[in-house]
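Here are my notes on the model you sent.

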Amino acid sequence: MQVSLRTSVEGLMLLAFELCGTYSLLSDGSFVAARPLTSVRRLANRVDALAPFPGSVKAATALRYAFDGAASPAEAKLAMLLCLRQTLGGYGFPAPRMNWRVDVTGDARKLTPRKYFVLDLFWADAMLDVEYDSNAFHRSPGALASNAERRNTLQAMGYTVITVTSDQMASPDLFDDAARAIAKALHIRVRHSCERWPRKRYDLRRRIEDPENLLLQVSSNNSAPEAAKASRLKASRLNGAGSTKPDSDLTE
């Protein structure tokens with residue numbers, strides 16, 4: 001709520017994704033693995049308890065569109081672009097489960113030595129897996145082979161797999177093509193009830209990519225890349241909001 005006084009709704013969402021996800025941002029824009037410090041439900045309960053103090057309305061709005069379990073900033077942004085309501089520039093899709101484990105079963109076990117897969121964004125009712133494909137980690141020959149094995153195995157079990165690339169994320173028009181494929185798999189018809197939506201989708205992408213909107217930059221003495229420090233890096237973002245230490249109800 002303190003942070004909400006000096007950042008946007010989109011910035012608060014990115015912070016919530018990080019605090020409730022399995023990564024921690026570093027001051028240079030990269031990220032490291034880190035355990036979640038809290039959950040969206042716990043944050044929402046605290047905001048409700050502190051209402052109507054300043055920042056509570058904006059914080060509550062942000063938490064309606066943040067989800068537990070994101071493993072990277074790109075996954076968080078993908079979820080925002082797909083699920084934010086149209087008046088905020090999103091597509092209004094229902095909430096997915098993030099980084100959800102699916103066990104390999106039946107004849108599909110012949111296609112892979114792996115016992116399970118972790119799905120980036122998963123809609124259980126539609127058996128839909130949406131994967132973020134970054135240039136950095138998914139374009140090597142080994143990664144391409146692994147992705148093909150994964151896709152074939154999931155499809156053999158009846159899942160639909162749709163990949164969203166970093167190029168699509170960067171282009172509103174290319175992203176629209178991917179979003180419409182996802183909507184079809186979800187049995188949703190894309191209707192834009194907001195007349196200003198075409199402009200809003202550009203504005204949303206600009207806001208979530210703005211470095212100043214990535215919130216409380218970690219000070220240089222806390223930005224060492226070791227994963228062991230990652231949870232403290234997350235907590236330091238709360239320190240920057242004006243508290244002397246992370247709230248005991250926000251950490252485990």
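Which residues of the largest nonpolar core touch the most other members? Keep in mind throughout that this is a predicted model.

1. **The main core.** The largest nonpolar core holds 55 residues. Within this core, Phe17, Leu78, Leu82, Phe93, Val130, Phe175 and Ile182 touch the most other members. As general background, nonpolar side chains tend to be buried together in soluble globular proteins.

2. **Valine 130.** Take this core member as an example. Setting aside neighbours within four places in sequence, valine 130 is in contact with Leu78, Asp120, Leu121, Trp123, Ile162, Val164 and Ile182. Two of these contacts, Leu78 and Ile182, are also on the list of core residues that touch the most other members.

3. Another core lies apart from the largest one. It has 10 residues, among them Leu119, Phe122, Met157 and Tyr159.

4. **Proline 96.** This residue sits in the loop between α4 (73-83) and β3 (97-103). Is proline 96 buried or exposed? Proline 96 counts as buried because its relative accessibility is 7%, and the cut-off for buried is under 20%. Leaving out neighbours within four places in sequence, its contacts are Phe67, Cys83, Leu121, Phe122 and Trp123. Leu121 and Trp123 are contacts of valine 130 as well.

5. **Cysteines.** How many disulfides does a search of the whole structure find? The search finds zero. Cysteine 83, a contact of proline 96, is buried at 5% relative accessibility. Cysteine 20 is buried too, with a relative accessible area of 2%.

6. **The α7 and α8 packing.** The axes of α7 and helix α8 (residues 197-209) are 11 Å apart, at an angle of about 105°. The two helices are therefore roughly perpendicular to each other. From α7, the contact uses Pro172, Asp173, Phe175 and Asp176. From α8, it uses Trp197, Arg201, Tyr202 and Arg205. By class, the contact has four nonpolar, four charged and no polar residues.

7. **Aspartate 176.** This charged residue belongs to helix α7 (residues 172-185). Aspartate 176 is buried, with a relative accessible area of 12%. Not counting residues up to four places away in sequence, aspartate 176 touches Tyr91, Trp197 and Arg201. Trp197 and Arg201 are on the α8 side of the helix contact.

Note on methods: Residues are numbered from 1 along each chain as its sequence is written. This is a predicted model: local features need pLDDT of at least 70, side-chain atom pairs count only at pLDDT 80 or more; totals for chains, interfaces and linings use all residues. Side-chain values use heavy atoms; hydrogens and water are left out. Helices (H or I, at least four residues) and strands (E, at least two) are DSSP runs, numbered from the N terminus. Buried means under 20% relative accessible area, exposed over 50%, partly exposed in between (1.4 Å probe, protein chains only). Contact means heavy atoms within 4.5 Å. Axes are lines fitted to C-alpha atoms, for helices over the stretch in contact, and angles run from 0 to 180 degrees between N-to-C directions. Angles under 35 degrees count as roughly parallel, over 145 as roughly antiparallel, 65 to 115 as roughly perpendicular and the rest as oblique. A nonpolar core is a set of buried Ala, Val, Leu, Ile, Met, Phe, Trp, Tyr and Cys residues joined through side-chain atoms within 4.5 Å. A disulfide is a pair of cysteine sulfur atoms within 2.5 Å.
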